Amino acid sequence: MTRAERLFPGGVSSPVRAFRAVGGTPRVIERASGARVWDVDGNELIDYVGSWGPMILGHAHPAVVSAIQAAAERGTSYGAPNAHEIELAELITDAMPSIERLRFVSSGTEAAMSAIRLARAATGRDAIIKMAGGYHGHADALLVEPGSGASGMPASAGVTAGAAHDTLVAPYNDLDATERLLAEHEVAAVIVEPVAANMGVVPPLPGYLEGLREATRRHGVLLIFDEVITGFRVARGGAQERYGVTPDLTVLGKIIGGGLPVGAYGGRGDLMRLVAPDGPVYQAGTLSGNPVAMAAGAATLRELTAATYERLEEAGAVLETGLTAAAAAAAASVQVSRVGSLLTAFVQDFPPFFHTMLASGIMLPPSQHEAWFISAAHGDEDLDTTIRMARMAFGANGEDR
Ligand code: KE4
């Protein structure tokens with residue numbers, strides 16, 4: 001890590017990887033396969049970071065690797081329309097009918113930023129509402145009371161008052177607070193993680209998403225679901241399928257790229273017609289629709305069958321039940337929150353728990369504000385080992401109090 005620290009801020013390419021929330025030195029990962037990663041010292045770890053969501057099939061899935069190889073042999077980037085982007089877009093629109101048309105970009109940040117620009121153009125209004133602790137990437141207007149690695153910040157340094165001026169914030173799961181902001185302001189859009197997963201996993205209260213849909217419609221405000229994490233994760237059709245609430249625009253990333261850099265935004269055809277070159281909303285990208293990334297995403301989505309989702313749901317339930325029982329056995333106060341294969345164990349003292357698990361061969365996301373990502377490659381034995389190690393770690397956590 002010393003070479004990395006000389007080269008990069010915090011020695012990392014993204015802040016949350018730096019272990020600042022848990023202390024210690026991040027492991028440098030050398031390779032990954034299935035549910036496991038290996039660090040440069042040869043330690044094998046059962047992985048629940050999963051590249052923060054994309055690796056829903058597990059690492060280096062053969063179908064994904066061969067799709068990347070085949071695509072790369074035909075050239076790594078054309079800067080032109082290509083068959084792979086069409087195929088991936090058809091897989092996405094087939095799974096999420098609310099997305100009539102879409103545009104690919106290279107990250108969730110770009111996708112969320114572009115969706116906000118489109119909503120402002122479509123409504124002629126400036127204000128947006130986001131939820132405190134919601135994370136939608138690092139575009140200025142969205143780095144206000146963000147979650148994930150920026151949790152706890154009112155905004156990031158460098159985000160000017162002007163850039164943050166039109167961003168209103170409401171508590172997640174508080175419909176009245178959003179209703180009040182909608183009544184008091186001319187709002188272009190509400191952007192929400194339908195399942196909050198950047199403050200730890202926090203499911204929507206019954207009726208919350210439906211309430212947001214009704215209130216935004218009543219005020220002529222667009223509803224944007226940020227499904228960068230939940231898209232193809234909590235159901236093939238994302239949270240909008242799982243909860244039966246249809247947004248006007250959807251933001252995607254992570255899984256749709258199969259581990260390569262991809263984001264997308266899309267939704268109602270009348271809105272997407274405003275995007276250049278058809279309309280006045282400019283948005284562009286050198287590597288948007290990159291054929292290798294598109295091929296990785298399409299190969300991933302093709303493997304996500306009904307049986308895969310049944311397995312993901314079952315694995316999530318086994319882990320939730322096991323962790324809850326382990327905490328009870330250790331008389332540790334732990335709250336496990338789960339939606340499908342997204343899970344967070346809220347632990348009284350997270351850093352020691354994290355390090356005890358890491359020393360036991362379990363790589364958890366290095367922050368209490370993040371979700372554990374279970375993949376289809378996590379077998380029963382992996383889950384049992386995780387539960388057994390957590391039982392020890394909870395016990396140790398208890399003794400430390
Ligand atoms: P990216 O720009 O990192 O591809 O996507 C931003 C984003 C947008 N929306 C949601 C709901 C997200 O969770 C994210 C990114 N997630 C974080 C982890 N919670 C990525 C990890 C990191 O920042 O290194």
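Two strands pair if DSSP finds at least two bridges between them. Helices (H or I, at least four residues) and strands (E, at least two) are DSSP runs, numbered from the N terminus.

The model is predicted: local features need pLDDT of at least 70, side-chain atom pairs count only at pLDDT 80 or more, and totals for chains, interfaces and linings use all residues. Residues are numbered from 1 along each chain as its sequence is written, and side-chain values use heavy atoms, with hydrogens and water left out.

**Exercise 1. Work out the strand order of the open three-stranded sheet, and find its edges.**

Step 1. Start with β11 and β12. Six bridges join them, and they run antiparallel. Val 339 stands opposite Leu 342 in β12.

Step 2. Check the link. β11 and β12 form a hairpin with two residues between them. Gly 340, in the turn, has a positive phi of about 60°.

Step 3. Strand β12 (residues 342-347) pairs with β14 in the antiparallel sense, over two bridges. Leu 343 has Trp 372 of β14 as its bridge partner.

Step 4. Read off the order: β11-β12-β14, an open sheet with antiparallel pairing. β11 (334-339) and β14 (372-373) each have a single partner strand, so they stand at the edges, and one side of each has no neighbour in the sheet.

**Exercise 2. Describe what lies across this sheet, and how covered β11 is.**

Step 1. Helix α11 (residues 306-329) lies across β11, β12 and β14. Its angle to β11 is about 175°. Axes are lines fitted to C-alpha atoms, for helices over the stretch in contact (heavy atoms within 4.5 Å). Angles run from 0 to 180 degrees between N-to-C directions.

Step 2. Five of the six residues of β11 are buried, so the strand is mostly covered. Buried means under 20% relative accessible area, exposed over 50%, partly exposed in between (1.4 Å probe, protein chains only).

**Exercise 3. Trace the salt bridges of Glu 313.**

Step 1. A salt bridge is a side-chain nitrogen of Lys or Arg within 4 Å of a carboxyl oxygen of Asp or Glu. The structure holds 16 of them.

Step 2. Glu 313 forms one with Arg 242, with the closest N and O atoms 3.2 Å apart. Glu 313 lies in α11 and Arg 242 in helix α8 (residues 238-242), so the pair ties together parts 71 residues apart in sequence.

Step 3. Arg 338 also meets Glu 313 in a salt bridge (3.2 Å, N to O). Arg 338 lies in β11 and Glu 313 in α11, so this pair ties together parts 25 residues apart in sequence.

Step 4. Check accessibility. Glu 313 is partly exposed at 29%, and Arg 242 is partly exposed at 33%.
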